[in-house]
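Biologist: Before we talk about details, could you put the model up, so that we can check each term against the values behind it?

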Amino acid sequence: MAGWGRNRRRPTGTPDDTSGPAGVRRLRLRTVLLVVVIVPTVTFTPLLASGMSQLFGQWRTEKVQMDLATTKVGRPAADLFFALDRERRLTAQVQTAPGGAARDRLAEQRAATDRAVRAFRPLTALDPADAQEGLAEALATTGRELGLLDQQRRAVDSGWSSGRQAFEYYSGVIESGLRVLAALGNTGEGQVNTTARPLVDLLWIVDMVGREDAVLARGWPTGRLTRSEYNIVTEAAGTRNHLMHARVVPALTGEETRYAKMTDGQAWRTMTAVEGRLSLADGDQVRLRDDSAEWRSSAETVTGQLRELVGLRFEHLGRVGYGHADMIFTVFVSISTVGVLALGLVIFTSWRLTSVLRRRILHLRHDAQELQERLPDVVARLERGEDVDADAEVRMIEPTGDELGELGQALNLARRSAVRTAVRQAEQHRGFQRMLQRIARRTQILIGLQLKKLDELERKHEDPEVLEGLFDLDHLTARLRRYEENLVILGGGQPQRRWRKPVRLLDVLRAAQSEVQDYRRISIDVEGEPWIAERAVGPLIHVLAELMENATTFSKPLTPVEVRAAPVSRGVAVEIEDRGLGMEPEQYDAVNALLQSPPQLDMMTHADDVRLGLYVVARLAASLGVQVELRSSAFGGTRVIVLLPETLVVDRPRTAPEPVAAPEEAAAPRAATEPPRPPDRDGALPTRARGRAMASVTAAPGSPLPGSPAAPDSPAASGLRPLPQRVRQASLAEELKVPADPGDGGDQESWAEREQPARSGAMIGAFQRQSRKRRTGEDVSPTPPGGSPEPTSPTTEDR
């Protein structure tokens, strides 16, 4: 019972009691239900957000592109296009016939062109993120060519630039402007692109008419055209007719349809007739008839009609583009609203369902916890011997038709089975405890008979070697009695050893020391002379013996075990300190927690537990109100502090026997403390009398000895010192003596002893000293009164 597993460490990696299998982490119910809510929400939210983001991005892109095509870039680019087209024609007229009204009209047009250039130039650095593809490059190119406009004008005014150079420059700038307008129609929406394509074609038609007008404006004053100029006119006329009939007229809608017959009008036929009268003459020259007025009138009319059609197409393009963007925005708002409502509905429904599920599961858990709280109460009532009806103790759960209802029904069965099992196990445990106590009591009877038999043998034999062996058996039997008491305590009983008077604490410590196998290593030091109440003597001896044996077992064989006792403010403190390996801090905490609240021990389930002695100490300490605490020692071992409350400490009884001699009396001559040597009669050993053995050793100074002159038949008359004879319990204090009752309570360990027990220190030491005195006549110093006996191993001569 002394083995408490003090140096055993808890194996690492042990899973917690509330956790699942190793490596598996269980989630809480709230977490699982939150996952049920969050997973569909998290899954649905990105899809909704992605769709909303795409719609919003498409709407923003189309909105930006339409703003660029209609207002921010489209209108300024169209105005610049028409301004440069008119300036190109007037420049050609001035170069052919300088001076006059043409120069004034050119100056006015240049001013109008400058205004259009100033409105367009800030757009050349524009590069929005959502702009049409190629727009930024077209704007930059147009801006670079417009930078040469002033230089070209000065060259025209000074006569450095020829008519062809001026024509090519203005045509190049106009083509750059047309590329800007073509890039504005290259959006991400096909309907907008389809609507913008006829607009660009109309602008190309206007450019073709302007090219013809500029070339013919140079040829009317001279009446001829060069071959290259003639080619420009014919190519422009063919391109114009093709674009107008093949691409523009079929795409006209709404109000634009009134211009579908424009090619059948008088102005368009006049232009066509003038172009038809152009024919290539001999050589590289083309003669022109004087059709300038007719051409000028029809060209102005056609150009005006084309500009009106361009304006209508711009409006139509704006309606189509902005309408589609507004439609996308409406879809975006609608989907966003529906998506948010659907998301909210998913969250609400999931949360509601999980709340209901969690409430039902928590209700089942509450029922299970109620069983957990009720079951210990049922077990406690069973331990008190009450009759328990298992069916009455179980509150049934109302079943439902779903899986949780089946779980509740299974819980009902489990609760009924648990209560019935608890009742059956409690009954079995009570029966086992009663059987264990009966076996222990019968074993105690046998131990008592064994002690009685040993006493008879000790009285019968006088041989020192035989007596030494009998003393060893006596010591071993005393320890066996303590182990049997352990068995009785673990079986729910109480030790039956009783004292009728208080006992000194020193005697209690010595009695506990005498029940320890390696008692020689134990040194006892008691401050003062405290006395222990009679009701606590037996259990306290048992507790101290367990603690002392534990200290000697878990420390090296040659290291001492110090036992100190001293009064404190709340009673008496006993310290037992060894020099072993000690324990880990968490082990100290676990042991102290067990000592503070001893559990209900089931002997059948703890049969292999090496800490049974710990349960015994905890049981006895709890019954006495004694506090036991284990701490780390300064020597590296363990220090046990046993605090005896004031209720267990009493005053010295008036009828108590006088204590042994004080230390100063021990220094007196040996003749005063030793009995006179009786003469030896015929050299025979003295006869041993029951109840008088060891009197010369254990009696106080001056007390009569067995075989004194008061007993004439004593061997003392022979003049030789008789061998000491053992008297059962003669070495104990009066209060510790108990009658040799065969029914005396005892205890036993749940395992066998490891080695041969040592002899009783006080009695065997005294026996050896008296034997040596008798044979050799030597004088041995007595044991100091009040101190701890320190017997040594006998030498060969002693044996």
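Biologist: In which helix is the place of tryptophan 351?

Modeller: In this predicted model, tryptophan 351 has its place in helix H10, which covers residues 292-383.

Biologist: Why is tryptophan 351 called partly exposed?

Modeller: The relative accessible area of tryptophan 351 is 47%, and the term covers values between the limit for buried, under 20%, and the limit for exposed, over 50%; tryptophan 351 is therefore partly exposed.

Biologist: Which residues make the nonpolar surface patch, and which helix gives the largest share?

Modeller: Leu34, Ile38, Val42 and Trp351 make a nonpolar patch of about 370 Å², and helix H1, residues 29-72, contributes the largest share with 3 residues.

Biologist: What makes strand S4 and strand S8 the edge strands of their sheet?

Modeller: The sheet is open and has 5 strands in the order S4-S6-S7-S9-S8, with mixed pairing; strand S4 (522-526) and strand S8 (627-632) each pair on one side only, and are the edge strands. Neighbouring strands of this sheet are turned by 15° against each other on average, direction ignored.

Biologist: How do you know that strand S7 pairs with strand S9?

Modeller: Strand S7 (residues 571-577) and strand S9 (residues 638-645) are joined by 7 bridges and run antiparallel; since pairing asks for at least two bridges, the two strands therefore count as paired. Isoleucine 576 stands opposite valine 640 in S9.

Biologist: Which strands does helix H15 lie across?

Modeller: Helix H15, residues 585-596, lies across S8 and S9, at about 175° to S8, whereas helix H14, residues 534-553, runs at about 25° to S7.

Definitions and conventions. Residues are numbered from 1 along each chain as its sequence is written. This is a predicted model: local features need pLDDT of at least 70, side-chain atom pairs count only at pLDDT 80 or more; totals for chains, interfaces and linings use all residues. Side-chain values use heavy atoms; hydrogens and water are left out. Patches are made of residues with over 30% relative accessible area and no salt bridge: like charges are joined within 9 Å, nonpolar side chains (Val, Leu, Ile, Met, Phe, Trp, Tyr) within 5 Å. Accessible areas come from the Shrake-Rupley method with a 1.4 Å probe; for residues, only the protein chains shown count as cover. A salt bridge is a side-chain nitrogen of Lys or Arg within 4 Å of a carboxyl oxygen of Asp or Glu. Helices (H or I, at least four residues) and strands (E, at least two) are DSSP runs, numbered from the N terminus. Buried means under 20% relative accessible area, exposed over 50%, partly exposed in between (1.4 Å probe, protein chains only). Axes are lines fitted to C-alpha atoms, for helices over the stretch in contact, and angles run from 0 to 180 degrees between N-to-C directions. Contact means heavy atoms within 4.5 Å.
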